[in-house]
Amino acid sequence: MAEPKTKYDRQLRIWGEQGQAALEKASVCLLNCGPTGSETLKNLVLGGIGSITVIDGSKVELGDLGNNFMLDESCVGQSKAKSVCAFLQELNDAVKAKFIEEYPEKLIETNPSFFSQFTLVVATQLVEDSMVKLDRICRDANVMLIFARSYGLAGLVRISLKEHTVIESKPDHFLDDLRLNNPWPELRKFAETFDLNVPDPVAHKHTPYVVILIKMAEEWTKAHGGSLPSTREEKKEFKELLKSKMIAMDEDNYKEAIEASFKVFAPRGISSDLRQIINDSHAEVNSNSSDFWVMVAALKEFIANEGDGEAPLEGSIPDMTSSTEHYVNLQKIYQAKAEADFIAIELRVRNIQKKLGREPGSIPKAMIKSFCKNARKLKVCRYRLIEDEFNSPSISELQKYLTDEDYSVAVGFYILLRAVDRFAANYNSFPGEFDGAMDEDISRLKTAAVSVLSDLGCNGSTLTEDLINEMCRFGAAELHAVAALIGGIASQEVIKVLSPS
Amino acid sequence: MADSIVTPSRSRDLDKLLLRPGNLVGPTFEPGVELRDDLREYARILVVGAGGLGCELLKDLALSGFKNLEVIDMDRIEVSNLNRQFLFRVEDVGKPKAEVAAKRVMERVSGVNIVPHFCRIEDKEIEFYNDFNIIVLGLDSIEARSYINAVACGFLEYDSDDKPREETIKPMVDGGTEGFKGHARVIVPGVTPCFECTIWLFPPQVKFPLCTLAETPRNAAHCIEYAHLIKWDEVHSGKAFDADDPEHMKWVYSEAVKRAELFGIPGVTYSLTQGVVKNIIPAIASTNAIISAACALETLKIASGCSKTLSNYLTYNGVEGLHIKVTEFVRDKDCLVCGSGVLIELDTSVTLEKVFSISLGSAVTSGLNIIVDYHKFGLVCVLVLGVEFIHQLEQHPKLLLSKASVTHRGKNLYMQAPPVLEEMTRSNLSLPLYDLMGKIPKDIVHVTGTTDKHDKKTSCLRKLRVAFKGIDGVTDMDMAGGA
Ligand SMILES: [Zn+2]
């Protein structure tokens, strides 16, 4: 067996030990192990998911060998679930793999409590009726659910969970937290120890841009009745002022200051996204509240009190031109403030826990710390039930997409994926599944699509003939490359919803 | 051939796409059993790279109706590949990736034939690449992409109206991933932008200024790079650093720790040391699967016309939510690689003379000298003994090629390596290029050599349109007469 740390090195660099631990704790159930389901699990097994249970009632046919890599000649006639499970186990012996030879539809009908043992269910190639039922079962049992479906050159991935809260969302572009527009006393005091007009060129070019901007902003506010540059003219003028302070052309620290000057102009206080989260009704905690919302409640108090309108400081600073000594001192000042903010939040968390009658230590220190560090980037996602999506669609949204050139094909396939299920419910096969009845199937699918559109409240809209023809041409084929793509996306979403909140 | 008889039902799902007519298909689509059989018998696909993307690509292509696949990769399997390169097992560690990957896929998908090539992409003759209908790239290096791109674009010929000749177009499908993000693109040389046309999409890596490393380190990476680039050479005079040698890596780590302590800088870990020194790109199975699948689909679409191909660059971003965007980039009309070639006008008497050049060469590449000579960098002295064709390549403002080897219509005119070939072709140097090219007034020659890119020597291939002065006009008149 390979050393897990080495084996998982490339992914640990993304989601860390905590993310890996969550993955290894999870137990995942797969419904139907055609290529879409098999490929989804393959990616999770490679990543070291805790356990998998493969559920499929069918036997392997020759046609399955043409689109599923987990099956070979020796599997023909055998249980598909058993064969796929055996191959997946081969990929990673650290994963507990088992299978049940049973049709998912039957389990959904006769044994709904079966699903409550899992962390997450991946349901592939299910039709509408089973999707709606399974969704209700999983929602009630608090089991996460992801639907995946490949259909010809089209496909669908749908997440269904009550609420997904993310602490470490790691967005791509996020402004660093330097507080140049609102420095706290210690940072201000540190900046005061510098003289920007220092004649020594070495000292001049090693003054970190953070210090330059704080001092220059202060100089500006003194001259402008206490306000920072706000109009375009003023911003330009501020940059000119910075430029005028340079004593040589090669002063990278001043170039960095000019580039970063927008950080001085940024509005103070928290973002509207974060405001929405602290004002969410869940932030009024009760005995049912999750740890996440307990921490949000503490954050809300902090912002209103010691935070003075700001979230806790992140504490890290980007690299910048500086002498080592100044840079390290600056780092220490930011870290000290972040630590103080963390202690304040922790105290509030413990108090709230006490009020709720919980063990004050039950939320680990490390989690609160991570929460503080990422407070500006918190995310809350809520997903509707499939049933609600079907019964109360957002008509205006749909109408908009149906007529938008960039989206009309995708929404067209969304509607057709529902239409083929109605077709199947009526005729016991999918449109174009068998050669010979193509023309009839096309007109029947068209009727089904019209009825879906009318149920969605989009009466005036139609789908193009080309799209309907194309859907019939697909004939419910599960192509390997499409399945690998949809399975890849599904597995990526599984990893994201499993990562620690 | 017994294994060529495939029961129809094995392609149950694929048949729907290949045998039935459709309205949203490519312009060349001719559905039918013949198309399916042609894909099997005649389509030859090369997969470049047998890593995270390559493993997926081989599986996807083998299950997308292709039977003749080849794969090229110079690497051996490492333990850290196992979290995503699903064709490899613990017991395969140390074996060539291309060979194991080919074997595993052939074991599972009967009827498929995969030829592995365990070597560098530059080791293959250019003509090797001309043998394939489509080249699919699953690489993690810009240099390697750039090389294959130049090779494929090198086959491209233009007609007298400056339109690309259909039969010389070698399509490529290129994929790349980093963490939760990735891209898939289709390159049809002469029609869509080639890799070089949009090279700005891949900005050069940020390198730390040496004075920062030497004088004002501020973070853990600075300390690691100091140990790796400066301290190593100070201590190990002449011994090259090998990132794959764990003893070397441990040494760099411990030196980086010392330096970090000295400057009071936190955060040096062994894992970070490896990441910085080897420039490790985080990689996960799911993103590789998504991007490879998209590339395999595009390959199938190009080969069969069963649906419209991607036009021409897809980006996938699963960092926050899920965003897929398709951008239609445009060609750079002046592209050196996929354009009609750089025009070089020569007298018929010009010989293929070799130019002896003395550059700072190996002295520059040993780290210590870099520091010492840092400010003199860029000063490369060239001693010229004869101003002839190969020399012109070095001096040409756009080409800047050194160590050039020259081929014309598959014939080696001069080869720098291997020594046997060099010896065989050396006598050509004193002959006029006009004679060597069979007295054709105007033709394409291919030149391979090295060029400096971001202070780094990289191999490259350039297509030149050589025209001989004096008789050039005659040709033009001839052509005008014929048109
Ligand atoms: Zn180009």
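Student: What kind of unit do β4(A), helix α7 (residues 128-141) of chain A and β5(A) make?

Tutor: They make a right-handed β-α-β unit. Right-handed means that, with the strands pointing away from the viewer, the path from the first strand over the helix to the second runs clockwise. Helices (H or I, at least four residues) and strands (E, at least two) are DSSP runs, numbered from the N terminus. This is a predicted model, in which local features need pLDDT of at least 70, side-chain atom pairs count only at pLDDT 80 or more, and totals for chains, interfaces and linings use all residues; side-chain values use heavy atoms, without hydrogens and water. Residues are numbered from 1 along each chain as its sequence is written, with chains lettered from A and ligands numbered from 1 in the order in which they are written.

Student: Why does the span of α7(A) agree with its 14 residues?

Tutor: The expected span is 1.5 Å times one less than the number of residues. That gives 20 Å for α7(A), and its end C-alpha atoms are 20 Å apart, so the two agree.

Student: Which strands pair with β5(A), and in what sense?

Tutor: Pairing requires at least two DSSP bridges. Strand β4(A) (residues 120-124) has five bridges to β5(A), in the parallel sense, with V121(A) opposite L145(A). Strand β6(A) (residues 154-160) has seven and runs antiparallel to β5(A), with S150(A) opposite G155(A).

Student: What makes β5(A) mostly covered?

Tutor: Eight of its eight residues (144-151) are buried, that is, under 20% relative accessible area with a 1.4 Å probe, protein chains only. M144(A), I146(A), A148(A) and S150(A) point one way, and L145(A), F147(A), R149(A) and Y151(A) the other.

Terms used: Buried < 20%, exposed > 50% of the residue type's maximum accessible area, 1.4 Å probe, protein only.
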